[in-house]
Amino acid sequence: MIENSMSMKRSFSLFQFFIFSLFALAQTISITTDHTQLVLRVNDGGRLYQTYLGERLSEQTDLSQLNMPQAGLSSSCIKGLEAYPVMGTEDYYEPTLEIHHADGNPTSVLKYVEHSQQGNETAIVLRDELYPVEVTLYYKVFPEEDIIQQWTEIKQDEKGKVYLGRYASSILYFEAPNYFLTEFASDWAKEMQMQSQELQFGKKVVDSRLGTRANLMAQPSFELGLGEPVCENKGTVLMGTLGWMGNFRFTFEVDNQHVLRVVSGINHDAGTYLLRKGEAFRTADFYFTLSTNGVGEGSRRFQHWMMNHQLHKAKDDRMTLLNNWENTYFDFNEEKLVALFGEARDLGVDLFLLDDGWFGNKYPRKNDHAGLGDWEVTHDKLPNGIPYLVKKAKENGVSFGIWIEPEMVNPKSELAEKHPDWIIQLPSRETYYFRNQMVLDLCNPQVQDFVFGIVDGLMQENPDIKFMKWDCNSPITNIYSLYLKENQGNLYVDYVRGLYKVLDRVQAKYPDLYMMMCSGGGGRSDVKGLSYFTEFWCSDNTDPIERLFIQWGYSQFMPAKAMCAHVTEWNRRASIKFRVDVAFQGKLGFDIGLKGLSDDDRQYCREAIREYKRLKNVVWSPNLYRLVSPYEGQHCVVQRVNDSKTHSILFAYDIHPRYGERLLNTRLQGLDADAKYRVKEICLMSGRQSWLSCNDKVYTGDFLMKVGVKVTSGNDLVSHIIEITREE
Ligand code: GLA
């Protein structure tokens with residue numbers, strides 16, 4: 001956020017800094033959640049250091065025992081651990097801030113000035129003694145969820161031009177015998193590929209420079225095993241994620257003392273930012289949790305935090321839906337759509353979602369080569385417009401939702417003809433197109449108005465639209481903004497801020513609108529995005545086997561309620577039951593021609609939707625236990641438990657078991673050991689009985705958690721949904 005800063009009007013003198021330094025002596029700042037503590041201390045040179053990050057200490061008096069690094073202005077060799085190290089000072093590793101002053105000096109030395117702790121927020125002000133540069137480190141704690149949010153604000157008050165070369169949100173330091181990183185590599189239809197490695201001396205960078213479709217190749221989250229590889233239920237793990245709908249960067253650096261430094265923030269690599277006099281640069285938000293019981297505990301914390309504090313409309317319901325994309329692609333008309341509304345009603349879903357292909361007249365959107373940007377209904381195709389469709393959907397007892405891709409334009413469009421200056425494109429160079437389209441320049445307020453106007457126009461005309469799928473199929477290509485002129489280094493950051501301005505307006509004006517964040521699959525999937533969107537499209541890949549892995553990956557941080565999972569034609573070797581049972585774990589939808597299904601399959605879908613609606617609050621519970629990993633064999637078992645431990649659901653899948661494989665019991669988690677629970681398989685194909693030996697039996701929670709039950713088999717592509725209910 002850029003804002004004017006009154007505080008920068010102060011003048012700076014060496015005398016003031018002498019006073020600050022005296023005041024700063026022995027300042028210790030403690031930031032705590034229920035189980036984690038971060039301690040910072042000011043040394044006698046007035047510099048701020050991290051002295052502790054770990055399990056919460058019981059005695060606050062112990063804080064004074066924490067060792068200070070041997071730092072000071074006169075020291076020539078410093079171990080590091082500075083809370084916000086600056087490029088050009090005596091720490092030789094990856095810095096958090098690089099600032100080029102108007103006179104060309106490329107350094108700042110930041111010294112403690114003051115701090116405040118109000119409620120759950122701590123703000124620590126640091127200042128340079130030679131230049132009017134002020135940096136405020138912010139820490140917000142979510143005590144019960146054990147999450148700490150960090151961001152930084154950088155202000156400058158110089159007369160000439162000041163550039164930021166780096167502007168990280170935070171740095172954290174760790175000392176452990178060894179470090180193991182799990183990252184989430186991605187690609188189209190291959191989101192959340194979990195990969196682990198031990199970190200050795202030097203740097204490992206995970207970043208993105210795609211701009212809009214920022215997470216296409218890497219997701220903005222990581223897991224870090226401290227002292228041992230990341231495990232589900234044991235070990236100390238740092239889990240971090242960046243809230244930023246654009247380029248991100250994590251740097252993991254093991255230094256010569258074997259200290260691990262984790263620097264998180266916007267990817268500075270793609271732009272040196274011009275920071276104007278009196279303006280404040282607010283970095284992205286970095287969120288982390290430090291679990292001592294593996295990533296299982298960390299995931300539950302993140303999911304609780306998402307549900308309690310971050311996800312848009314987290315407490316509200318979600319709608320099951322029928323989407324027409326993979327059924328019709330661009331080939332539909334009014335008659336076909338109205339028939340599909342009937343199918344949606346027959347299926348029992350809440351909403352029909354009309355996908356791409358409904359707009360454009362001079363250049364109708366018949367395929368992905370034309371029409372993007374011209375948000376007028378195609379008269380030939382839909383002569384009675386969107387209002388007619390909304391009305392017809394309503395008559396069929398389903399709500400109506402619609403697809404838009406408002407940040408993009410096809411060169412073959414009226415928009416591109418009218419406003420070439422609104423498009424991000426390199427003057428006098430050959431243009432590179434991604435999916436035949438280009439990105440509109442959201443740095444430009446006129447473009448922000450236009451993009452907001454697309455949602456606003458649809459909603460003004462059709463106040464009954466309940467849902468929008470907001471797509472984003474291209475990264476930023478041909479990076480150049482006519483609007484920014486000589487300040488091209490600001491483009492990636494100002495684009496995201498422009499997008500936030502639009503989304504803020506949408507949210508303020510249409511608080512009841514449900515919106516899916518989509519980016520050709522999971523190309524957009526960060527936690528800031530989900531403060532605007534009610535859900536996200538995890539992947540275009542809906543092959544249920546692949547989805548077991550993709551959903552396993554996203555569940556590390558994301559709640560089930562936000563993870564759109566649709567039943568489609570991908571992988572027809574898998575039965576409709578298997579496909580539905582995989583999608584049942586997330587926010588259930590269908591994108592399939594129902595006419596092509598057998599009566600039994602259609603009946604199964606109806607039954608599953610009924611059961612899903614009955615059980616959705618358990619399915620969406622943040623109390624997730626990942627019991628059997630698809631990464632470790634040919635099965636996957638996942639369990640959800642409600643807060644009061646009265647109700648649980650077990651999802652069990654056999655993928656392609658080995659011949660004669662030894663099948664082990666699956667031990668449940670999160671139940672009340674003293675309570676009794678009935679185990680019952682639900683969602684059976686019509687006429688089928690459960691063959692699970694535990695079906696319809698009553699067990700103690702203790703037994704289910706210590707001995708467990710057999711829910712996997714030696715058969716290919718078999719799935720079970722099992723309801724576990726506490727007996728009164
Ligand atoms: C993207 C989405 C799809 C679909 C198409 C429409 O690829 O991921 O679900 O909406 O766009 O063009």
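Visitor: How far is an oxygen atom of the ligand from an N or O atom in the side chain of D540?
Guide: That distance is 2.6 Å. Bear in mind that this is a predicted model.

Visitor: And how much of the ligand's accessible area does the protein cover?
Guide: On its own the ligand has 300 Å² of accessible area, and the protein covers 94% of that.

Visitor: Which residues come nearest to the ligand?
Guide: There are 13 residues around the ligand, and D355, D356, K469, D471 and D540 come nearest. D356 has a polar side-chain atom 2.6 Å from a ligand oxygen, and for D471 the corresponding distance is 2.9 Å.

Visitor: OK, switching topic. What are the domains of the chain?
Guide: The assignment gives domain 1 (4-310), domain 2 (321-483 + 510-620) and domain 3 (624-727).

Visitor: How much area do domain 1 and domain 2 bury between them?
Guide: About 3000 Å², with 61% of it on carbon and sulfur atoms. On the domain 1 side, T212, R213 and M245 supply 25% of the area buried against domain 2, more than any other three residues.

Visitor: How many salt bridges and polar pairs, then?
Guide: The salt bridge count between domain 1 and domain 2 is zero, while 23 residue pairs are in polar contact, both residues at pLDDT 80 or more.

Conventions:
Residues numbered from 1 in each chain as written. Predicted model: local features only at pLDDT ≥ 70, side-chain atom pairs only at ≥ 80, totals over all residues. Heavy atoms only, no water. Near = heavy atom within 4 Å. Polar contact = N/O pair within 3.5 Å; in protein donor to acceptor, adjacent residues only side chain to side chain. Areas by Shrake-Rupley, 256 points an atom, 1.4 Å probe, with all protein chains shown as cover. Domains from an automatic or database assignment. Buried area = accessible area lost by both parts, 1.4 Å probe. Salt bridge = Lys/Arg side-chain N within 4 Å of Asp/Glu carboxyl O.
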